[in-house]
Amino acid sequence: MALGAVLLGGCGAAERQETGPVPTPTVSATPAASTATADAPATTTEPERPTAAPTPGQAQQQTWVMPNLVGRTLQQAQDAVQELTGFGITFTSSTDATGQGRAQVLDRNWVVCGQNVAPGTAITTSTSIEFAAVKLDERCP
């Protein structure tokens with residue numbers, strides 16, 4: 001019995017030693033291979049990140065529906081576009097609807113008379129939106 005226990009103990013110890021070292025080199029080799037593999041994808045991932053920069057490019061592919069902003073102040077119209085698009089479109093331009101060429105310095109003091117993108121039209125981040133506006137105390141032409 002003592003011999004059987006010794007043999008089993010010996011086998012168990014041998015198995016533990018074989019199991020211990022075998023997985024350790026295998027695990028060490030696997031992480032090294034994984035690290036090498038991870039290094040390769042990391043290198044690939046880094047170039048993909050610039051390629052993954054089309055995630056903002058995908059934001060360019062996202063579309064929204066242009067609302068009717070005529071009658072709102074110029075500031076409200078700009079805010080509405082930014083809110084609608086989650087700041088996908090951060091810039092809109094404006095012109096003096098009277099043709100006098102005045103600059104719209106205080107957007108809250110101007111009212112939108114027209115927009116170059118018709119309401120209901122699909123817009124993307126590459127859409128140029130321009131509002132025609134007059135001062136609050138003026139009538140739209």
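**Buried or exposed, and how we know**

Modeller: Let's start with A80, which is buried, with a relative accessible area of 16%. This is a predicted model, where local features need pLDDT of at least 70 and side-chain atom pairs count only at pLDDT 80 or more, while totals for chains, interfaces and linings use all residues. Residues are numbered from 1 along each chain as its sequence is written, and side-chain values use heavy atoms, with hydrogens and water left out.

Biologist: Why is A80 called buried?
Modeller: Buried means under 20% relative accessible area, exposed means over 50%, and partly exposed is in between, with a 1.4 Å probe and protein chains only. A80 comes in at 16%, so buried is the label.

Biologist: Where does A80 sit, and what does A80 touch?
Modeller: A80 is in helix α4. Helices are DSSP runs of H or I with at least four residues, strands are runs of E with at least two, and both are numbered from the N terminus. Leaving out residues up to four places away in sequence, A80 touches L69 and R72, where contact means heavy atoms within 4.5 Å.

Biologist: What makes Q78 buried?
Modeller: Its relative accessible area is 12%, so Q78 gets the buried label. Q78 is another residue of α4, and beyond its neighbours within four places in sequence it is in contact with T92, D107 and F131.

Biologist: And what makes F87 exposed?
Modeller: F87 has a relative accessible area of 54%, so it counts as exposed. You'll find F87 in the loop between α4 and β2 (93–96). Its phi is near 65°, a positive value in a residue other than glycine.

Biologist: How much of the protein counts as buried?
Modeller: Of its 141 residues, 22%.

Biologist: What makes a set of residues a nonpolar core?
Modeller: They must be buried Ala, Val, Leu, Ile, Met, Phe, Trp, Tyr or Cys residues joined through side-chain atoms within 4.5 Å. The largest one here has 15 residues, and M66, L69, V81, I123, I129 and F131 have the most contacts inside it. α4 (74–84), β3 (110–115) and β5 (130–135) each supply at least two residues of this core, and α4 gives the most, with four.

Biologist: How do you know that Q115 is buried?
Modeller: Q115 has 15% relative accessibility, so it counts as buried. Q115 is in strand β3, and its contacts include M66, L69 and F131.

Biologist: Which backbone atoms lie 2.9 Å from a polar atom of the Q115 side chain?
Modeller: One is the backbone oxygen of P67, and another is the backbone nitrogen of L69. A polar contact is a pair of N or O atoms within 3.5 Å; within protein, one must be able to donate a hydrogen and the other to accept it, and residues adjacent in sequence count only if both atoms are side-chain atoms. At 2.9 Å, the P67 oxygen is inside that distance, and the L69 nitrogen, at 2.9 Å, is too.

**The disulfide**

Biologist: Why is the link of C113 and C140 called a disulfide?
Modeller: The term needs a pair of cysteine sulfur atoms within 2.5 Å, and C113 and C140 have S to S at 1.9 Å. C113 lies in strand β3 and C140 in the segment after β5, so the pair ties together parts that are 27 residues apart in sequence. The link is left-handed, with -85° about the S-S bond. A search of the whole structure finds one disulfide.

Biologist: How do you classify C140: buried, partly exposed or exposed?
Modeller: At 38% relative accessibility, C140 is partly exposed.

Biologist: What makes β2 and β3 edge strands?
Modeller: The open sheet has three strands in the order β2-β5-β3, with mixed pairing. β2 and β3 each have a single partner strand, so one side of each is left without a neighbour in the sheet.

Biologist: How do you know that β2 and β5 pair?
Modeller: Two strands pair if DSSP finds at least two bridges between them. Four bridges join β2 to β5, and these strands run parallel.
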